[in-house]
Amino acid sequence: RFADVIVLAVPWPAAADAVKALGNVKGKVVWTIINPFKPDFSGLEFGTTTCAGEEIAKLAEGAKVVEGLPLFAEVLSSPERRFDGMSASVFYCGDDADAKVRVAELLGDLDVDAVDAGPLSSGRFIEPAMMLLMRIQYAPGAAGQYGFKLLRRQPLFASRS
């Protein structure tokens with residue numbers, strides 16, 4: 001009731017009960033870091049027609065839902081969160097601009113490059129990317145820690161009007 005941002009971090013099967021337990025979240029920022037893995041981790045509960053963030057928004061009536069899946073716990077708890085000096089990119093999305101700014105600030109506190117991926121429906125593409133990253137991270141014989149890095153370059157030439 002007092003929180004500026006509510007972080008929803010439960011396994012996907014517990015999401016509906018967790019949202020219900022929150023009570024009235026109208027006007028609150030709900031930051032979901034839930035990736036809807038199947039119980040056996042063989043894939044995702046959804047394809048690209050919906051995402052956990054959109055489904056949580058239906059349950060959390062009136063909340064300002066932002067989906068942003070941070071780095072793996074192993075990276076967050078390690079003494080160094082950077083990869084060879086570079087911050088990993090973490091994608092976040094939502095339909096409320098102010099809520100996204102607040103979540104981006106919190107992601108920045110984790111020393112990551114917070115990348116605004118657009119509306120909440122962009123979670124439909126963030127979640128499969130995270131599934132791929134998980135498969136790489138936890139593959140038999142995998143060594144080290146993994147994260148994404150989105151490369152950006154300013155336009156080489158100014159547009160001519």
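Biologist: Which strands does α2 lie across?
Modeller: Helix α2 lies across β1, β2 (29–32) and β3, and runs at about 160° to β3. Such angles run from 0 to 180 degrees between N-to-C directions, with axes fitted as lines to C-alpha atoms, for helices over the stretch in contact. Contact means heavy atoms within 4.5 Å. Helices (H or I, at least four residues) and strands (E, at least two) are DSSP runs, numbered from the N terminus.

Biologist: What kind of model is this?
Modeller: This is a predicted model, in which local features need pLDDT of at least 70 and side-chain atom pairs count only at pLDDT 80 or more, while totals for chains, interfaces and linings use all residues. Residues are numbered from 1 along each chain as its sequence is written, and side-chain values use heavy atoms, with hydrogens and water left out.

Biologist: What is the order of the strands in the open sheet?
Modeller: The five strands follow the order β1-β2-β3-β4-β5, with mixed pairing. Two strands pair if DSSP finds at least two bridges between them.

Biologist: And which strands stand at the edges?
Modeller: Those are β1 and β5; each has a single partner strand, so one side of each is left without a neighbour in the sheet.

Biologist: How many bridges join β3 to β4?
Modeller: Three bridges join these antiparallel strands, β3 and β4. Gly 68 stands opposite Tyr 92 in β4.

Biologist: Changing topic: which residues of α5 are buried?
Modeller: They are Gly 123, Ile 126, Glu 127, Met 130, Met 131, Leu 133, Met 134 and Gln 137. Buried means under 20% relative accessible area, exposed over 50%, and partly exposed in between (1.4 Å probe, protein chains only).

Biologist: What do they pack against?
Modeller: The buried residues of α5 pack against α2 (52–59), β3 (64–68) and β4 (89–94).

Biologist: Which residues touch the most other members of the largest nonpolar core?
Modeller: Among its 26 residues, these are Leu 8, Trp 12, Val 30 and Ile 56. Helix α5 gives the most to this core, with five residues. A nonpolar core is a set of buried Ala, Val, Leu, Ile, Met, Phe, Trp, Tyr and Cys residues joined through side-chain atoms within 4.5 Å.

Biologist: Lastly, is Ser 122 buried or exposed?
Modeller: Ser 122 is buried, with a relative accessible area of 14%.
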